[in-house]
Amino acid sequence: MNGLLIYESKEIERNRNFIDRLINAGESHGLTLTVIDDENTTIPEADFIFFRARNPKLAKQLEKRNVSMFNRAEVNVIANDKLKAIQLVQLLGIAAVPTKKIQNINDFTKYPSVLKTVDGYGGTQVELVQTKEEATIFLEKHESQTIIAQTYIETKATDVRVFMLGEEVIGAVKRIGAENSFKSNFTLGGKVEKYSLTNQQVTDVQKIAKALKSDYIGIDFLLLPDGNWLFNEIEDPVGARSYFATTGEDIAIPIMNYINKKLTETECAD
């Protein structure tokens, strides 16, 4: 079967090693993956699509082709809107970081606060603001975007990222931010270590994945000093550098095993 592996142009070279491993893992199942830039004006037909771009509009367009798509478009929509993700998780009854949408400096008064654009990623477009002046600068800089304010919670820049394939937990990492940073992102210099989930934490992430009907995502939680956690964000597409760093395992193999299984089930159903 022929599939499309869709990435943003700027992400293709940065993820070349992972892309090659996905292609190799797919070949073991007779699956061919062709890499496509999401800005390509002519996206060819295929038997399935592995969508790895942050582009909800394109995801919705491609979903109309009625071929198997990993992840489905609505996952891309929710994961790339931090406010939508928070609202979904709150509806599921899972504890989340207190969050509100803000339109001007008078919409919140508590400092410090964390300000974010709803569509930022990789630790960008997020700032810890200590004063009204700092908040004003952030709002002016991102005035054309939707912005949320989150209560600042001291975690010593520690969070947990859980990697999900369907409703199965395939791994989790604890991320600890670089010194003098409140951001825990591995790509920004943070440290990572393998993390084992409690039974309740497994229940939380499975509930989220089930509600989303997702395939391959990351779910991020702030890790509190008492061992509890608060939902923070959903990542689609989710990077796997921290997974490899803590396990030494190639996550491309279980991903393509999963995709092959889903495609086979679809064929049998037809």
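Visitor: In which strand is Glu-235 found?

Guide: Glu-235 is found in strand E13, where strands (E, at least two residues) and helices (H or I, at least four) are DSSP runs numbered from the N terminus. This is a predicted model in which local features need pLDDT of at least 70 and side-chain atom pairs count only at pLDDT 80 or more, while totals for chains, interfaces and linings use all residues. Residues are numbered from 1 along each chain as its sequence is written, and side-chain values use heavy atoms, with hydrogens and water left out.

Visitor: Is Glu-235 buried or exposed, and which residues does Glu-235 touch?

Guide: Glu-235 counts as buried, at 9% relative accessibility; buried means under 20% relative accessible area, exposed means over 50%, and partly exposed lies in between (1.4 Å probe, protein chains only). Not counting residues up to four places away in sequence, Glu-235 touches Arg-54, Ala-79, Arg-161, Ile-217, Gly-218 and Asp-220, a contact being heavy atoms within 4.5 Å.

Visitor: How is a pair of aromatic rings described?

Guide: A pair of aromatic rings is described by the distance of the centres and the angle of the planes. Rings of Phe, Tyr and Trp (its six-membered ring) pair if their centres lie within 6.5 Å, and planes under 30 degrees apart count as stacked, over 60 as edge-to-face and the rest as tilted. A search of the whole structure finds four aromatic pairs. One of them, formed by Phe-108 and Tyr-111, is tilted, with 5.5 Å centre to centre and 50 degrees between the planes; Phe-108 is buried at 8% relative accessibility, whereas Tyr-111 is partly exposed at 26%.

Visitor: What kind of pair do Phe-221 and Phe-231 form?

Guide: Phe-221 and Phe-231 form an edge-to-face pair, 5.8 Å centre to centre with 85 degrees between the planes. Because Phe-221 lies in strand E12 (residues 216–223) and Phe-231 in strand E13 (residues 229–235), the pair ties together parts that are ten residues apart in sequence. Phe-221 is buried at 0% relative accessibility, and Phe-231 is buried with a relative accessible area of 0%. Together with Trp-229, Phe-221 and Phe-231 form one aromatic cluster.

Visitor: How are two packed helices described?

Guide: Two packed helices are described by the angle between their axes and the distance between the axes. Here helix H2 (residues 16–27) packs against helix H9 (residues 252–269) at an angle of about 45 degrees, with the axes 9 Å apart; axes are lines fitted to C-alpha atoms, for helices over the stretch in contact, and angles run from 0 to 180 degrees between N-to-C directions.
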